[in-house]
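Subject: Structure handover

Hello,

Here is the structure you will be working with.

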Amino acid sequence: MCNRCDEAPCMRVGGDVIRKRADGIVIIDPDKARGRKDIVKSCPYKAIVWNDELQLPQTWIFDAHLFDQGWPQPRCQQSCPTDVFETVRLDDAAMAEKAQREGLKVLRPNLGTKPRVWYSGLERWETCFIGGSVSARVGDMVECVTDAVVALYVGNQKVGETVSDQFGDFRFDGLVKDSGGYRVEIHHALGNAWRKCELGESVYLGEVSLAKSTNSMEVA
Ligand code: SF4
């Protein structure tokens, strides 16, 4: 969505067609913007779409019409059952303090656009993970394995360690995209396992079944 940039490229291209209200909401004037397809490309976040029928560049107006009626928050915030959105009115210092405290980030800060939309957990978008799910045969059943020790290696160097959760799941976050070959080793009283993978985008290894033999892992 529109990031309500303070240094907005769209406003540089659009001139008086686009303006930022005092409350920070960016508005495209539908009368002045007719036919201005060039404005669509001006947004590096691809937040502006072209309405072919109306011949207009458009973006979500952050429910500005509702704020003007006295609403304290946009409709999406009011209706989201998992509280994904939070709308706040803060000065720069207070917002910087909140961002620091909650680990919030803006999208592509290197562009210098100074966005006013902050994201939680953005590192999960910007980085990759390697994950999987550990299982083992117990009698006639295949069970999820809790508390298996899972280690991540690059070559012979251990770069991470975690344990599987109650569903047998494990995950290494914050890995760099296209960072090459990794090896995952898993140890538990029920058995051991290992997998190799090449990290381009995130990798889900699927179900990893433990076996009693450890030889192959030591060779790997
Ligand atoms: S996100 Fe795009 S449309 Fe929104 S203010 Fe920034 S440049 Fe303009």
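The notes below go from the whole chain to single residues.

First, the ground rules. This is a predicted model, in which local features need pLDDT of at least 70 and side-chain atom pairs count only at pLDDT 80 or more, while totals for chains, interfaces and linings use all residues. Residues are numbered from 1 along each chain as its sequence is written.

Overall form

The protein chain has seven helices and twelve strands. Helices (H or I, at least four residues) and strands (E, at least two) are DSSP runs, numbered from the N terminus. With a radius of gyration of 24 Å, well over the 17 Å that the globule rule gives for 220 residues, the protein chain is more spread out than a compact globule. That radius is taken over C-alpha atoms, and the globule rule is 2.2 Å times the number of residues to the power 0.38. The C-alpha trace spans about 70 × 40 × 35 Å along its principal axes.

Of the 220 residues in the protein chain, 17% are buried. Buried means that 20 or more other C-beta atoms lie within 10 Å of the residue's own, exposed means 12 or fewer, and partly exposed is in between, with C-beta atoms placed from the backbone.

The ligand

There are 14 residues around the ligand, and Cys-2, Cys-5, Ala-8, Cys-10 and Cys-43 come nearest. A residue is near a molecule or strand if its C-beta atom, placed from the backbone, lies within 6 Å of it. The shell around the ligand divides into ten nonpolar residues, three polar and one charged. Here Ala, Val, Leu, Ile, Met, Phe, Trp, Tyr, Cys and Pro count as nonpolar, Asp, Glu, Lys and Arg as charged, and the others, Gly among them, as polar.

The sheet and a hairpin

Four strands form an open sheet in the order β8-β7-β10-β11, with antiparallel pairing. The edge strands, each pairing on one side only, are β8 (157-163) and β11 (191-199). From one strand to the next the twist averages 20°. For such angles, axes are lines fitted to C-alpha atoms (for helices over the stretch in contact), and the angles run from 0 to 180 degrees between N-to-C directions. Two strands are said to pair if DSSP finds at least two bridges between them.

β7 (residues 149-154) pairs with β8 over six antiparallel bridges, and with β10 (residues 180-188) over five bridges, also in the antiparallel sense. Leu-152 stands opposite Gly-160 in β8 and opposite Val-184 in β10. Tyr-153 stands opposite Lys-158 in β8. The hairpin of β7 and β8 has two residues between the strands, and Gly-155 there takes a positive phi near 60°.

There is also a hairpin of β5 and β6. β5 (residues 128-138) and β6 (residues 141-144) pair in the antiparallel sense over four bridges. Met-141 in β6 is the bridge partner of Val-138. This hairpin has two residues between the strands, and Gly-139 has a positive phi near 65°.

Gly-103 follows α5 and has a positive phi near 65°.

Thr-113 is in the loop between α5 (92-102) and α6 (123-126). Is Thr-113 buried or exposed? Thr-113 counts as buried because it has 21 C-beta neighbours inside 10 Å. Thr-113 and Val-13 are 100 residues apart in sequence and 14 Å apart in space, C-alpha to C-alpha.

Lys-114 also lies in the loop between α5 and α6. Lys-114 is partly exposed, with 14 other C-beta atoms within 10 Å. The phi of Lys-114 is near 50°, a positive value in a residue other than glycine.

Two more residues

Asp-63, in the loop between β4 (56-58) and α3 (64-67), has a positive phi of about 55° although it is not a glycine. Asp-63 counts as partly exposed, with 18 C-beta neighbours inside 10 Å.

Ile-27 is in strand β2 (residues 26-28) and is partly exposed, with 16 other C-beta atoms within 10 Å.

Regards
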